[in-house]
Amino acid sequence: MLVSGIAMPSGSDKLYTGSKDKNVMVWDCQSGQVGVINLGGEVGCMLSEGPWVFAGVPNVVKAWNTQTSMDLSLNGPVGQVYALVVGNDLLFAGTQDGTILAWRFNAVENRFDTAATLKGHTLAVVTLVVGANSML
C-alpha cells in the first residue's frame with residue numbers, strides 16, 4: 001500500500017495516514033489501536049490544520065474536525081486532488097485538471113465557502129506553497 005498522506009492534528013493523540021487503497025487509517029498513539037475510514041477514492045494528499053484533517057480524493061476534499069466530529073465534503077475539484085495547503089485563512093487545493101481552488105471556513109454556518117477558483121494551468125497542480133502574503 002502506497003501512503004500518499006500523513007496528518008497529526010494539533011492536540012490530538014491520533015495519527016492519520018491516507019493511501020492509494022482509498023482508506024485513511026487512524027492510529028491511536030496511546031493504545032496502538034487502528035481504525036479505518038473508507039473514502040471511496042484514492043487519497044492524493046492529506047493535511048492537518050488545528051483540529052482539522054483534510055484529505056484530497058478524486059473530485060472532492062474531505063474535511064473532518066477531530067474535536068467536534070464534524071464531517072464535511074468540499075466540492076469543486078475535477079479529478080484527483082494532489083496538493084493541499086493552508087495560508088492566509090484559506091485552504092488551497094491543487095487538482096488534476098490544473099485548477100487551484102480556495103475555501104474559507106464560515107464559522108457562523110459551520111462550512112467551508114468557495115473563495116476562489118484559479119484556472120490557467122494545462123497540467124495537474126501537484127505542489128502548493130503559501131507564503132506570508134501570497135501563494136506561490
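Predicted model: local features only at pLDDT ≥ 70, side-chain atom pairs only at ≥ 80, totals over all residues.
**The annotated stretch**

Let's begin with residues 1-37. In the model the span is 57% strand and 0% helix, and its end C-alpha atoms lie 15 Å apart.

Within strand β3, which runs over residues 23-28, you will find W27. Is W27 buried or partly exposed? Its relative accessibility is 35%, so W27 counts as partly exposed. Together with V34 and V36, W27 forms a nonpolar patch on the surface, and the three share about 260 Å² of accessible area.

**Charged pairs**

Side chains of opposite charge can pair when their charged atoms come close. How many salt bridges does the structure hold? There are five, and the table shows some of them.

| Salt bridge | N to O distance |
|---|---|
| D13 and K14 | 3.3 Å |
| K14 and D28 | 3.4 Å |
| R111 and E109 | 3.5 Å |

Shared partners join D13, K14 and D28 into one network. The side chains of K14 and D28 meet in a salt bridge. Because K14 lies in strand β2 and D28 in strand β3, this pair ties together parts that are 14 residues apart in sequence. D28 has a relative accessible area of 18%, so it is buried. K14, at 26% relative accessibility, counts as partly exposed, and D13 is partly exposed as well, at 27%. In the pair of R111 and E109, R111 has a relative accessible area of 38% and is partly exposed, while E109 is partly exposed at 47%.

Now look at two loops. K22 sits in the loop between β2 (14-19) and β3. Although K22 is not a glycine, it has a positive phi of about 75°. K22 is partly exposed, with a relative accessible area of 38%.

D89 belongs to the loop between β9 (81-87) and β10 (90-95). Its phi is also positive, near 65°, and D89 is a residue other than glycine. Is D89 buried or exposed? A residue counts as exposed when its relative accessible area is over 50%, and D89 has 65%, so it is exposed.

**Inside the model**

Which residues touch the most other members of the largest nonpolar core? This core has 16 residues, and the answer is F54, V61, L74, L84, L91, W103 and F112. Two or more residues of this core come from each of β5 (45-49), β6 (52-57), β7 (60-65), β8 (71-75), β9, β10 and β11. Another core, of twelve residues, lies apart from it and has Y16, M46, V60 and W64 among its members.

Leaving aside residues up to four places away in sequence, L74 touches V60, V61, A63, L91, W103 and F112.

Finish with L101, which is found in strand β11 (residues 100-106). With 4% relative accessibility, L101 counts as buried. Not counting residues up to four places away in sequence, L101 touches G76, P77, L91, F92, A93, T95, A116 and T117. L101 and W52 are 49 residues apart in sequence, and their C-alpha atoms are 18 Å apart in space.

Key:
Residues numbered from 1 in each chain as written. Heavy atoms only, no water. Patch = residues over 30% accessible without salt bridge, like charges linked within 9 Å, V, L, I, M, F, W, Y side chains within 5 Å. Areas by Shrake-Rupley, 256 points an atom, 1.4 Å probe, with all protein chains shown as cover. Salt bridge = Lys/Arg side-chain N within 4 Å of Asp/Glu carboxyl O. Helix = DSSP H or I, 4+ residues; strand = E, 2+ residues; numbered from the N terminus. Buried < 20%, exposed > 50% of the residue type's maximum accessible area, 1.4 Å probe, protein only. Contact = heavy atoms within 4.5 Å. Core = buried A, V, L, I, M, F, W, Y, C linked by side-chain atoms within 4.5 Å.
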